[in-house]
Amino acid sequence: PPLHSLISAPDFQAIASHTLTPKAWAFYSSAATDLITHTQNKALTRRIMFRPRILRDVKSVRTNRTILGCESSTPFFVSPAAMARLAHADGECALARGVGGQGVIQCISSNASYPLSAIVAAGGKSQSFFLQLYVNSDRAKTAELLKKAAALGIKGVFVTVDAPVPGKREADERIAAEAVASAISGAVASNDKKGGGMGRLMAQYVDKSLVWEDIRWIREVSGLPVVLKGVQSAADAMMAVRYDAAGVMLSNHGGRSLDGAQPSILVLLELHRICPDIFDKLEIYIDGGFERGSDILKAIALGATAVGVGRPYLYALTYGEEGVEHLTQILKDELETSMRLCGLTDIDQAHPGLVNTQGIDHF
Ligand code: FNR
């Protein structure tokens, strides 16, 4: 179908389920075992209800945010996802062009299919990028990557902490395909003959012995602000403050790691309950199941600085750069509509009183 006939993120997903190869669809859409966390990520955000205000002049709305010190035209950014080349020949470079023109930040996966330099070059001059990091058991390789990222002008490092080992993603394991390699980490994604899918084979280089002290090492080697991606409890968010993280990303890898882990939105509520002052100490990001402007607004109202969007961008990438651009406009338009209907003229006005969380408070 022509691009203009697609009007929502779910539309892109529906098309992608037919147009991606069976292997790419399985790798992108899959999540761990019974998909409990994957399903509930979205379901629980949708049990939060708005408490809109009326009769405010909402002729103009402003969605701009500063994310980790970088200007962004939106309070959402692209979550890092491996192997974008499975969606489109230009992979992460097309993604960079698609969001770059619109002032949206892209977080590049350690397992991207294109080299870091090519992706950064594809973006515009003023475009900001973050790098997602999987620490290699060979630390020298990680140090080299971090120095390269800093030299290329990357603005922050998102260290993934929810996947010392990949989750068991059965759809991925069931479909075998030809191998694809990452131009950044060198990891080869394929299926072995023992039921291991792309996710598992790709993760072989990842250091399972990573501990809190290593966060400081990453900060020192890169000279960049460090965000922990995959924080799933207030206890660990508080630890992140002690270890000088600039932010935490509440995430469960889109339900691809530990199945049964609590949805990210519950972790956000846990922060309010257990350590409400954390919002003054760290930037809080969140991802998992956000596919509507209204979903995004709920998390921002609850104190998130920004929301990551993962799979929807991979599905949009099946239409190349234009698809990515189109999805960005859709999300921004939905967000602006929700803001206006809530009585907001600036995203900075969003606050917890804007939502009713009773539907998940005792979950
Ligand atoms: C991911 N994710 C991910 N995370 C990460 O830190 N490094 C990575 O290389 C990848 N790769 C990856 C591949 C694919 C195909 C998917 C779907 C996801 C997780 C990603 O950053 C993000 O946390 C989730 O995708 C967010 O959930 P939604 O938006 O997909 O529901």
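Which residues of α2 are buried? Keep that in mind while you read these notes; point 2 comes back to it.

1. A word on confidence before the details. What you have here is a predicted model. The average pLDDT for the protein is 97, and 99% of the residues score at least 70. The model also comes with an ipTM of 1.00 and a pTM of 0.98.

2. Now back to the opening question. Helix α2 covers residues 22-29 and is mostly covered, with 7 of its 8 residues buried. The buried ones are K23, A24, W25, A26, F27, Y28 and S29. And what do they pack against? The buried residues of α2 have α1 (9-19), α7 (170-174), α8 (198-202) and α14 (311-316) as packing partners.

3. Next, have a look at the largest nonpolar core, which holds 109 residues. The members that touch the most other members are V248, L268, A304 and V307. Helix α15, residues 320-342, gives the most to this core: 7 residues. Leaving out its neighbours within four places in sequence, L268 is in contact with L250, I286, A299, L302 and A304.

4. Packed helices in general are described by the angle and the distance between their axes. For α4 (residues 91-100) and α15, the axes come within 8 Å and cross at roughly 40°. Angles under 35 degrees would count as roughly parallel, so α4 and α15 are oblique to each other instead. The crossing of α4 past α15 is right-handed. On the α4 side the contact is made by A94, L95, R97, G98 and V99, and on the α15 side by G320, E321, V324, E325 and T328.

5. Here is a second pair to look at: α6 (residues 139-151) and α9 (residues 212-222). Their axes come within 8 Å and cross at roughly 45°, so α6 and α9 are oblique to each other. Helix α6 passes α9 in a right-handed crossing. The residues making the contact are A143, L146, K147, A149 and A150 from α6, with I218, V221 and S222 from α9.

6. Two residues deserve a look for their backbone angles. Most residues other than glycine have a negative phi. L68 isn't a glycine, yet its phi is positive, about 50°. D244 isn't a glycine either, and has a positive phi of about 65°. L68 is in the loop between β2 (65-67) and β3 (70-72), while D244 is in the loop between α10 (234-242) and β11 (247-250). Are they buried or exposed? L68 counts as buried because it has 23 C-beta neighbours inside 10 Å. D244 has 11 other C-beta atoms within 10 Å, so D244 is exposed.

7. Last stop: G303, in the loop between α13 (293-301) and β13 (306-309). With 18 other C-beta atoms within 10 Å, G303 is partly exposed. Not counting residues up to four places away in sequence, G303 touches F279, I284 and P352. For a sense of distance, G303 and A183 are 120 residues apart along the chain, and their C-alpha atoms are separated by 36 Å.

Key:
Residues numbered from 1 in each chain as written. Predicted model: local features only at pLDDT ≥ 70, side-chain atom pairs only at ≥ 80, totals over all residues. Core = buried A, V, L, I, M, F, W, Y, C linked by C-beta atoms within 7 Å. Buried ≥ 20, exposed ≤ 12 C-beta atoms within 10 Å, placed from the backbone. Helix = DSSP H or I, 4+ residues; strand = E, 2+ residues; numbered from the N terminus. Contact = placed C-beta atoms within 7 Å. pLDDT = per-residue confidence, 0-100. Axes fitted to C-alpha atoms, helices over the stretch in contact; angles between N-to-C directions. Parallel < 35°, antiparallel > 145°, perpendicular 65-115°, else oblique. Left-handed = near helix turned anticlockwise from the far one by under 90°.
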